[in-house]
Amino acid sequence: MNTLTDEQLIPKIAAGDVDAFSEIYRRYSKEILANCKARYDHLQDAEDTTQAIFLILWRKAYQFRADSKFSTWIYRITMNQIYMESRKRRQPSKGHRQATLYGTTAELNRIIENEHSMDAPQLTLIHSKRAVQ
């Protein structure tokens, strides 16, 4: 297996060849993990993202077109996955109490409901804080 090029291994992975996948993993896992570690504060996040990248590779190997080198393709998958994971971490999950400059979302909603009873200076301050968000 290790005499085959990356480009020769990919069609085998697309056909479900676990040995070909293991060889690609052996060749690229350290590099991908290092790339992820450079972008995350926690090792567990880097390891989770690395695992997700190889899962994507396993599922989408059939999409590889030999227009470019495999290393370019896997690098692009890596960077896209890091970006997607970072976006997920920034967005609060459903049902999560979102913190704001004012406290929780519930507290912010209470302030908004009471805006009509506030005098102009307080209202201006709240609107200027919202613009900062």
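A residue counts as buried when its relative accessible area is under 20%. The exercises below apply this cut-off to a predicted model.

**Exercise 1.** Decide whether Phe70 and Phe64 are buried or exposed, and describe how their rings are arranged.

*Solution.* Begin with Phe70, whose relative accessible area is 0%; because the cut-off for buried is under 20%, Phe70 is buried. Phe64 has a relative accessible area of 12%, so Phe64 is buried by that cut-off as well. Turning to the rings, a search of the whole structure finds seven aromatic pairs. One of them joins Phe64 and Phe70, with 6.0 Å from centre to centre and 70° between the planes; because planes over 60 degrees apart count as edge-to-face, the pair is edge-to-face.

**Exercise 2.** Find which residues touch the most other members of the largest nonpolar core, and which elements contribute to this core.

*Solution.* The core has 22 residues, among which Ile10, Ile24, Leu57 and Phe70 touch the most other members. Two or more residues come from each of the elements α1 (6–14), α2 (18–37), α3 (43–60) and α4 (70–90). Setting aside neighbours within four places in sequence, the contacts of Phe70 include Ile10, Ile24 and Leu57, together with Asp6, Glu7, Tyr28 and Phe64.

**Exercise 3.** Locate Gln81, judge whether it is buried or exposed, and list its contacts beyond four places in sequence.

*Solution.* Gln81 lies in helix α4. Its relative accessible area is 12%, which is under 20%, so Gln81 is buried. Leaving aside neighbours within four places in sequence, Gln81 is in contact with Tyr40, Thr49, Ala52, Ile53 and Ile56.

Conventions
Residues numbered from 1 in each chain as written. Predicted model: local features only at pLDDT ≥ 70, side-chain atom pairs only at ≥ 80, totals over all residues. Heavy atoms only, no water. Core = buried A, V, L, I, M, F, W, Y, C linked by side-chain atoms within 4.5 Å. Buried < 20%, exposed > 50% of the residue type's maximum accessible area, 1.4 Å probe, protein only. Helix = DSSP H or I, 4+ residues; strand = E, 2+ residues; numbered from the N terminus. Contact = heavy atoms within 4.5 Å. Phe/Tyr/Trp six-rings, centres within 6.5 Å; stacked < 30°, edge-to-face > 60°.
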